[in-house]
Amino acid sequence: MRFLPYILKHLRRNWVRTGSTILGMAVCIFLFCTLRTVLKAMDDARELGNVTRLVTRHSVSLVYNLPLSYEGQIAQVPGVKRVAISSWFGGSLPAKKESQDKSKEGQPDFSNFFTNLAVEDEPYFAMHPEFSVPPGEMQAFREDLRGCIIGRGLARQYGWKVGDNFFLESFIPPYRRREGPFEFVVRGIFDADKVREPAADDRVMYFHYKYLYESTGRRVGAGLYVVELEDPKQAATVARAIDARFENSEAETKSETEAAFRADFIAMIGNLALLLNSIGLAVIFTILLVTANTMSMAVRERRTEIAVLKTLGFSSRQVMGLILAEALTIGVLGGGLGLALSVAIIRGMTKVPGVSGFINGFPNFGLHWGVSSQGLGIALFLGLAAGFMPALVAYRSRITEMLRQV
Amino acid sequence: MSAEAVRQPAAAPIVDVRNVRKVYRRDAEQITVLDGINLQVPPGEFVALMGPSGSGKTTLLNLIAGIDRPTSGEVVVAGTDVGRLSESELARWRSHNVGFIFQFYNLIPVLTAQENVELPLLLTSLSKKERRERALTALKVVGLADRAGHYPRQLSGGQEQRVAIARAFVADPGVLVADEPTGDLDAKSAEEILALMESLNRDFGKTIVMVTHDPRAAERAHTQKHLEKGVLKA
Ligand SMILES: Nc1ncnc2c1ncn2[C@@H]1O[C@H](COP(=O)(O)OP(=O)(O)OP(=O)(O)O)[C@@H](O)[C@H]1O
Ligand SMILES: [Mg+2]
């Protein structure tokens, strides 16, 4: 411990280099922890989650719709209580009135993006008890084809009240109309019971599937079917039975729990998991190289110093220890900073509109002890690995030779 | 640091180099740098080691300081046969028995003068406070107590060398070795360094072996030895 001030002095005197190395390390650990947390949440979601409902979708991709005829067939599968169409509309608010002009067509304004789903209201809300809507508002919604129900969060975000109207335009070509954007009227505002269902998102807007269907020439299918189960324990069996029913048909299905579906949905957005993993690895590797290079530079500059320390009577092991301790210190500081960063970001993510909806759906999303200790472990390992070669050089070097090379 | 204890003229040599050879092997080639050297230095002596460049002065000095080993022969310093010690024993031994003064001072740039002087004391069991005090005392001896907080780059060459000398004797070794300690200094600074070395020898009883090219520096020593083609001449 009496050598600690000596180590710190070195780090402090080269503070630019030390700082950038620590920062690099921190970014590396931050990326690692955050990516691991998201990926772990997605994995967990596949195993856990609400199993009272399944989601049945096209087996190839979410991009393809399913035939409407499937609804009745799914309802006949044993163990199925209810079925509801739910189509992801992909609508966004036109930024300004001008954005409706022809030149901007096909370029919806993504900054005003929120989840909007076309659903069959009766079965859908019946199987989603976590959404509570005043009965009168629900009634008004049912009676208005252009009516919609919005979550409390969305209402707050845009300052919408019951009776307000707005326009949405989808970026999905079959959901676009020659007449221009869809008009909607807010008929109800729902509250989401996050205790009952942590995935419940109140930044969503629901409208009538019938409105979408009829306005688009009665040609569109169902984006997906939400299936309510009679018995949660039968989730796997029922999912298999549904998919078996449509095997070898023009549109094969994939049925899974809602949580697993959410995980897949996120994965679909740019094949996230693979991308994130490879970015993470590349970054970690790069930073290892940079840090190792910095450390060995630091040692090369200090050849004479190492020789002097040895001449003064420091043993090879002590000198090696000093170098390693310096590298480890960088590792600890970088790792700590990286962890702090990811704690902050992960906390922040649960508050970002759009993202939070998905994330809150993941069972106990957060920086887990396992991930953070892995992150810290990597930081220490990077530090040690970077310090190892220089330390070995310091250990092996002979005083006379090092003094000769001044 | 008592002067009387080591001022016994009849005492056994504190540096005893017996029949030492040092051979460097470069590929198939063998270079005999030291060829049967014998050198006895009594305690309290001040020896100047001279000789042309490449004659092996530094090599001999390194052997005495225990930072290199002879190919054959014995180097006995302060009663210890240096060649018999393991690498780590040798390091420990150095920290107690020899102080090394370099031509280019070799202070550690990120440490202040006082911290540089304190460095050898980190290897002792002294407390932080004792280390501070002893380092400060050593700086007083070399006349730089007021520069304790300065970094090497804030000091002149002569001052740096004085700090380096303080570092060499702060752990109170019996022997000081110096490799051209004035080689990089102007005449005035060199004079100060030589006076300091004389004082360390006279007042503190340090045995000094100093390599130098400068005849005037050599005159300050009690004895001069000349190394030529691997052999010592009086
Ligand atoms: N590690 C080594 N490998 C090979 N040859 C060496 C090595 N170290 C020293 N020598 C050779 O030994 C000889 C003596 O070197 P040394 O440094 O002892 O000379 P010196 O008397 O101190 O010279 P100078 O006055 O220039 O400092 C030189 O010829 C040098 O090239
Ligand atoms: Mg030399």
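Modeller: Buried means under 20% relative accessible area, exposed means over 50%, and partly exposed lies in between, with a 1.4 Å probe and protein chains only. This is a predicted model, in which local features need pLDDT of at least 70 and side-chain atom pairs count only at pLDDT 80 or more, while totals for chains, interfaces and linings use all residues. Side-chain values use heavy atoms, with hydrogens and water left out, residues are numbered from 1 along each chain as its sequence is written, and chains are lettered from A and ligands numbered from 1 in the order in which they are written.

Biologist: Are Phe114(A) and Trp160(A) buried or exposed?

Modeller: Phe114(A) and Trp160(A) are both buried.

Biologist: Where in the chain do Phe114(A) and Trp160(A) lie?

Modeller: Phe114(A) is in the loop between β3 (91-92) and β4 (115-119) of chain A, and Trp160(A) is in the loop between α6 (152-158) and β7 (165-170) of chain A, so the pair links distant parts of the chain, 46 residues apart. Helices (H or I, at least four residues) and strands (E, at least two) are DSSP runs, numbered from the N terminus.

Biologist: Switching to chain B, which residues does Glu180(B) touch?

Modeller: Not counting residues up to four places away in sequence, Glu180(B) touches Gln103(B), Val211(B), Thr212(B) and His213(B), contact meaning heavy atoms within 4.5 Å. Glu180(B) itself is buried, its relative accessible area being 16%, and it lies in the loop between β7 (175-179) and α6 (187-204) of chain B.

Biologist: And in what order do the six strands of the open sheet run in chain B?

Modeller: The order is β6-β7-β8-β3-β9-β10 (chain B), with mixed pairing, and two strands pair if DSSP finds at least two bridges between them. At the edges stand β6 (98-101) and β10 (231-233) of chain B, each with a single partner strand, so one side of each has no neighbour in the sheet. Strand β9 (residues 223-228) of chain B pairs with β10(B) in the antiparallel sense over three bridges, and His226(B) has Lys233(B) in β10(B) as its bridge partner.
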